[in-house]
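Here is a short report on one protein model.

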Amino acid sequence: MFVDHSFFAIIFPELSLIVLATWIIVGSSFQRGRVWWTSFAVMSYVVALIALAQQDMHLFAMFGAGEGQLNGPLAVDLLGHGLRWLAVIMGLLFALNYGQPDRSQLTGERQGLLMLLVVGVMLVGSANELVLLFLGLELISVPTYVLLFLGRNDRSTAEATIKYFFLSIFSSAMLLYGFSFLYGIGGSTNLSDIHAALGRESTGMGILGLAPVAAVLIVAGLGYKIAAVPFHFYAPDVYQGSTNTNAGLLAVAPKIAGIAALARLAVYVMPESFAFGWPLILVLSMISMTIGNVCALWQTNLRRMMAYSSIAHAGYMLIGLSVALAAAETGDLTSGGVAAMLVYLTMYVFATIGVFSALSYLSGPDHEISEVDELAGVGRSHSTAGTVIAMGMFSLAGIPPLAGFWGKFAVFGSAIRFAAMPTSGAASWWFIVLAIVGAVNAAIAAVYYLNVVSTLYFRTSQTSTPARGGYGSLAAMSISAIAIGFLGLVPGGVMKTAGLAEQTALSVSEQQLPIGPVHTAQADAEQPVEPHSIAGE
């Protein structure tokens, strides 16, 4: 595939983070220093944010018109660009958390690995190639293994790391096998070409019968990434055995990547053939919500509770995916399902980071806050941390006027809107049931979230320990709290951006390279591809 200079201009934020991450990892071998490498990492993310902001100036006109472009293996659309912003902000907040006083020995290694993980999330968000998509997912997984192992030097951490390692390899194998079926169907690793090939196959060629196999394998592989039932079983044990910061990273980073990949593959690559999967996704959504919330009711360990909460939130996000797939079956690819899923993801990310950052702030080098009972009286003894945890819990519960309310409003609203469409047919009743199940689960979830809040403020503790997480965790939880409040009061920007992201991703999926269904060296030589370039280049 032809790549020109504008390709490197687009991925400059990713390239800068890769170079700086390499410098941090190598440099930390010679010069130890928690404050130095944390500051360097924070400045690296600021550089990436400035680069993204400069790209905004060039891309605004294109995205404002609801259009996207292809550039080599990248999809230049608002879906990918918005996820890149979210990934860098996530990396910045976790970089502050990894600069804790008890992490002085391996701070550089942690910061460098985190930065590579962030690059993986950014690549997954913009990938228009199966190969790049898989490499991005693996660039998330491999640093995660090491970060989990570096969390604590005890048996539970080692056990959690081994569980995540082997199950992640298994899920990657299933995902790669599913990708091989897509390549066999489309004759190309380019997502837009696969989309076009599937459209041609739907006119009568029998190879399209492999699409259900590819769909099941892809859902299984990505279901592990987002911890959706029945691929969730690793999450409670791994969360419990890791540190609060690592548990927060597991709850956020794989979900961003998994949702991005599902949106690309399920909705925009195979709308004609993958639409049969909406009953499967709908059932997975209801089961994930129910199992996650019901199991969370009985948890006394905070990280296990948040693990089951993460499973439930994966179910909420799948509501938007099921709506998008069902609408695709009727020929409507701008149903609002993907937009609702993106809105929910954004609200979930900030609430989750805020909770885990506050827990990291309250923890010390010799003891991590693990049990719900340990939060007794924290709302009074550590008012800032208590306020952030309470805001996070209220937001995750979907209580207005915080950000989480608009996330649930978006996904439930998308299901109800689709059920009310005249083209929905018999499927309308399924989505009415889905919305009802979601509302009931939101009520169930409020029980254990409010239990944490009541422990913070209405229970007293015999001992009061100082918060030893450092100023980095304090800054991370404060930024998250501001985001939760701001997005709750002014949600229109995120909702409008998510809607445009759905449109631009659709425009990209309808473009393909003019070299036929199979890419060969001879075909590439005979039919050169005219590269698309970034607007303004």
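## Overall make-up

Buried means under 20% relative accessible area, exposed means over 50%, and partly exposed lies in between (1.4 Å probe, protein chains only). Buried residues make up 63% of the 537 residues in the protein chain. This is a predicted model: local features need pLDDT of at least 70, side-chain atom pairs count only at pLDDT 80 or more, and totals for chains, interfaces and linings use all residues. Residues are numbered from 1 along each chain as its sequence is written, and side-chain values use heavy atoms, with hydrogens and water left out.

The protein chain has 21 helices and two strands. Both are DSSP runs numbered from the N terminus: helices are H or I with at least four residues, strands are E with at least two. Contact means heavy atoms within 4.5 Å. Take the contacts in the protein chain between residues at least 6 apart in sequence: 83% of them join residues at least 24 apart.

## Helices α6 and α7

Two packed helices are described by the angle between their axes and the distance between the axes. For α6 and α7, the angle is about 175° and the axes are 10 Å apart. Therefore α6 is roughly antiparallel to α7. Axes are lines fitted to C-alpha atoms, for helices over the stretch in contact, and angles run from 0 to 180 degrees between N-to-C directions. Angles under 35 degrees count as roughly parallel, over 145 as roughly antiparallel, 65 to 115 as roughly perpendicular and the rest as oblique.

The α6 side of the contact includes L130, L133, F134, L137 and Y145.

## Aromatic contacts

A search of the whole structure finds 16 aromatic pairs. Rings of Phe, Tyr and Trp (its six-membered ring) pair if their centres lie within 6.5 Å; planes under 30 degrees apart count as stacked, over 60 as edge-to-face and the rest as tilted. The ring centres of Y145 and F165 are 5.0 Å apart and the planes are at 80°, so this pair is edge-to-face. It links distant parts of the chain: Y145 lies in α6 (residues 130–149) and F165 in α7 (residues 155–186), 20 residues apart. Y145 is buried at 10% relative accessibility, whereas F165 is partly exposed at 29%. Y145 and F165 also belong to one aromatic cluster with Y164, F166, Y224 and Y234.

F405 and W406 form another edge-to-face pair, because their centres are 5.0 Å apart and their planes are at 75°. F405 is partly exposed at 25% relative accessibility, and W406 is partly exposed at 22%. A charge also meets a ring: the charged end of K408 sits over Y316, 4.6 Å from the ring centre. That label needs NZ of Lys or CZ of Arg within 6 Å of the ring centre and within 35 degrees of the ring normal.

## Backbone details

Where are the cis peptide bonds? One joins V229 and P230, with omega about 5°. P230 is in the loop between α9 (211–226) and α10 (235–241). Another runs from P400 to P401, with omega near 5°. P401 is in the loop between α16 (383–397) and α17 (403–420).

A227 is also found in the loop between α9 and α10. A227 is not a glycine, yet its phi is positive, about 60°. A227 is buried, with a relative accessible area of 3%.
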